[in-house]
Each structure stands twice: as C-alpha cells, then as structure tokens.
Amino acid sequence: MAWVKKFKKTGGGLKKSYQPGSMVSLALTKGLLNEPGQNSCFLNSAVQVLWQLDIFRRSLRQLSGHFCLGDGCIFCALKSIFNQFQQSRERVLPSDSLRNALAETFKNEQRFQLGLMDDAAECFENILERIHLHIVSDTPTDACSSKSCITHQKFAMMLYEQFVCRCCGASSDPHPFTEFVHYVSTTALCQQVDRTLGKNERLRSDMFGELLQAANSTGDLRSCPSDCGQSIKIRRVLMNCPEIVTIGFVWDAEQSDLTDDVIRSLGPRLNLCGLFNRVTDENAKRSELHLVGMICFSSKHYSAFAYHTKSSKWMFFDDATVKEVRMSAIRPFQSFFL
Ligand SMILES: [Zn+2]
Ligand SMILES: [Zn+2]
Ligand SMILES: [Zn+2]
C-alpha cells in the first residue's frame, strides 16, 4: 500500500528566515538508520514526515507532561529522536528507541514487531493514537477535546455519515466518527479520473478534492430508508477544521498498473469543501491545504518526501539517504517510487 499525505502548510512569513545558500536550516534534515534485517523503513518514513511537519514538531516540543510508560514509551522515544534531530552532530541517527517502544506497545497484537516489515500508514496513525493516550489516557478517542492533545487538535477529522434521499428527503440516522487518515481506494480514484477525461474535461489541479470525494462515495449505494425506490449515496460531513489532513491511498489490486493515473490525479492543493459533501465549520470552508509530505511504497520499501519550510525545498528521505529534490522532478520520481 502506498499513500500520499496532504498537509496544511503553516502560515506565511517563513521565507524571511531563510537566507539563500545557507546550510544552517538544511542541517536539521538527517537520515535514519535501517540496518540489514531491521526493516524499519516504514517507521523511518513516518518519523521523517512527522518531523518535517512544522505544526506537529512545534506542538510536540511544547509538551512535556504525559502518562509515561517508561522503557516502552512511544511518547518519550519520539521526543528523544526529535531532540537528536535538533541537537546531534551526526548526519544519520538510529530510530531503534522508537522501533523498540512500538514493538513493546503492540506486543500482544503481534504488530510492528522487531525485524518485521509493517505498514507506514498504520504506523503513522498508531503513533498519533498513542500520543493521544499518553496525554489524555482516560478519554475515548471520539470524545477528546483536550487542548494539549496534538493528535485531536491538529489531525482529527470529525465527521458524520448519513444517507439522505434527494427524491423524498428521507434520511438515515447520522453516524458520527473521528478519523486521522482519510483512506481512498486507488481503483475508485482512477475510475473517477477516467470518467472526467471521458467527458473531455481536463484534470485541473484544484479538482483533487472532488475526485477523492467522488471516489470515496462510489459503490456506497443504499436503497432509500423510506423505500421510495431510489438508490442513494452516502454523504460525509466535516464538522471541524483540521490543520493537517492525511490521505491514505489504498492499493486494492495486488499488481497495480494505476500508478501513473494516480499521480496524474494528484493536486498540490486541497479544499476541504471538495473533499467532503458538506463542511460546517466556517474556517474549514475557507481553508486551502497544501501538499507538504508523502510516503511512498515501491519494491517492498518505503521512502518519504517532505517539504522543508525554512528552505522552501522538497527533500527525499530514504532511510540514511537524504536528498534535495526539485519540485518538477517529484512527479516522474514518484512514478518510480509509488
Ligand atoms: Zn514517556
Ligand atoms: Zn486526543
Ligand atoms: Zn427516498
């Protein structure tokens, strides 16, 4: 499975702090070790994207108090890697502390165990869920309103789903839920791309949200709750304004030849009004999100791209290797890595 993330860029004025030619800001990009047999690329990619995510990095830095689990504490392990990113003189750092904490925490579920490859999207999601638990251990995830919970304050999409009949107006009971990663099937996405191109419409970069929404509601047909005979589509309504939105692409086919089509559909910007059928929050209606990070999967290996705000450069992270990439080079590059 490969996935692509859409993140909101932090506010303006950031270019001022960067002096062209300066190596100071780029010194904060470091590689992460992945020794033979460790299979830590899924974790390394997730950590690199989290670290480059300004909103997340700054929020985590300000947090200190948490329910600590000692040796197996994901919160402490992540903090320690972030401190080393900041302070170490090494160009490449080990991610073992977090790898061990993850394995310890998910021992009973037999997930993220040492030496075994795992899913980067699920790793990313689980790190966020664990941060929530380390901050507000007693609040269920759908009811968290803690101001210090980065996971819910910055990443959570609070949604409800409902079937509403356009013909007779009947509706099903709304089903509220919270998600940190919005998953979309690549097969459904490519069908939407074909449909658009079939109508002789050009794929515009601002259509990405609409394409994702259409892909997410295909196949989700039900018969009208009042039995008027109509088949009706599901509606998803966003009730808050998340600062960071993460899209997870689900590669439903084992041998996928959809890579090029998926890449063609990607847009650098995302409107929440396009992504959901309705948006109730006024800020969310106006907010436009910018792509700032991606995790890609190819040949059983994960790597990541992330936007480095201070230098306005895209960086490529492949375990110990860190490279600057030109924006125009990212598209063909992706087709290689997705
Ligand atoms: Zn701790
Ligand atoms: Zn929370
Ligand atoms: Zn009806």
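Predicted model: local features only at pLDDT ≥ 70, side-chain atom pairs only at ≥ 80, totals over all residues.
Residues are numbered from 1 along each chain as its sequence is written, chains are lettered from A and ligands numbered from 1 in the order in which they are written, and side-chain values use heavy atoms, with hydrogens and water left out.

The chain has 12 helices and 15 strands. Helices (H or I, at least four residues) and strands (E, at least two) are DSSP runs, numbered from the N terminus.

**Overall fold**

- The chain has 338 residues, and 52% of them count as buried. Buried means under 20% relative accessible area, exposed means over 50%, and partly exposed lies in between (1.4 Å probe, protein chains only).
- Take the contacts between residues at least 6 apart in sequence: 67% of them join residues at least 24 apart. A contact means heavy atoms within 4.5 Å.
- Helix H4 spans residues 96–105, and its buried residues are Leu98, Arg99, Ala101, Leu102, Ala103 and Thr105.

**Zinc ion (ligand 1)**

- His66 (NE2), Cys68 (SG), Cys73 (SG) and Cys76 (SG) coordinate this zinc ion (ligand 1) at 2.1 to 2.4 Å. Donors are N, O and S atoms within 2.8 Å of the metal (3.2 Å for Na, K and Ca); water is not among the atoms, so sites may look incomplete.
- The arrangement around the zinc ion (ligand 1) is tetrahedral because the 4 donor atoms subtend angles of 100 to 117 degrees. Four donors count as tetrahedral if all angles lie between 85 and 135 degrees.
- Along the chain, the donors of the zinc ion (ligand 1) follow the spacing H-x1-C-x4-C-x2-C.
- His66 sits in the loop between helix H2 (54–62) and H3, while Cys76 is in helix H3, 10 residues apart.
- His66 is partly exposed, at 23% relative accessible area. Cys76 is partly exposed too, at 30%.

**Zinc ion (ligand 2)**

- Four protein donors lie 2.1 to 2.3 Å from the zinc ion (ligand 2): His132 (ND1), Cys144 (SG), Cys149 (SG) and His152 (ND1).
- Angles of 98 to 120 degrees among the 4 donor atoms make the arrangement around the zinc ion (ligand 2) tetrahedral.
- The sequence spacing of the donor residues of the zinc ion (ligand 2) is H-x11-C-x4-C-x2-H.
- Both Cys144 and Cys149 are buried.

**Zinc ion (ligand 3)**

- The zinc ion (ligand 3) is held at 2.3 Å by Cys165 (SG), Cys168 (SG), Cys224 (SG) and Cys228 (SG).
- The site of the zinc ion (ligand 3) is tetrahedral, with angles of 101 to 119 degrees among its 4 donor atoms.
- Its donor residues are spaced C-x2-C-x55-C-x3-C in sequence.
- The pair Cys165 and Cys224 links distant parts of the chain, 59 residues apart. Cys165 is in the loop between strand E4 (157–163) and strand E5 (175–179), and Cys224 is in the loop between strand E7 (221–223) and E8.
- Cys165 is buried, and Cys224 is buried as well.

**Second largest pocket**

- The volume of the second largest pocket is about 310 Å³. On a 1 Å grid over the protein atoms alone, a pocket is an open set of points with protein on both sides within 12 Å along at least five of seven lines; a cavity is a set where a 1.4 Å probe fits but cannot get out; lining residues have an atom within 4 Å of a point.
- This pocket is lined by 18 residues, and Arg166, Lys233, Ile234, Arg235 and Asn277 are the closest to its centre.
- Helix H7 (186–198), helix H8 (208–217) and strand E8 (231–238) each give two or more residues to this lining. E8 gives the most, with 5 residues.

**Cavities**

- The structure holds 2 cavities of 30 Å³ or more. A volume is the space filled by probe spheres set on the grid points, which are joined across faces, edges and corners.
- The second largest cavity contains about 40 Å³ of space.
- Its lining consists of His182, Gln213, Asn216, Ser217, Arg236, Leu275, Phe276 and Asn277.
- H8 provides the largest share of this lining, 3 residues.

Conventions: Tetrahedral: all angles 85-135°; square planar, octahedral: opposite > 155°, others 65-115°.
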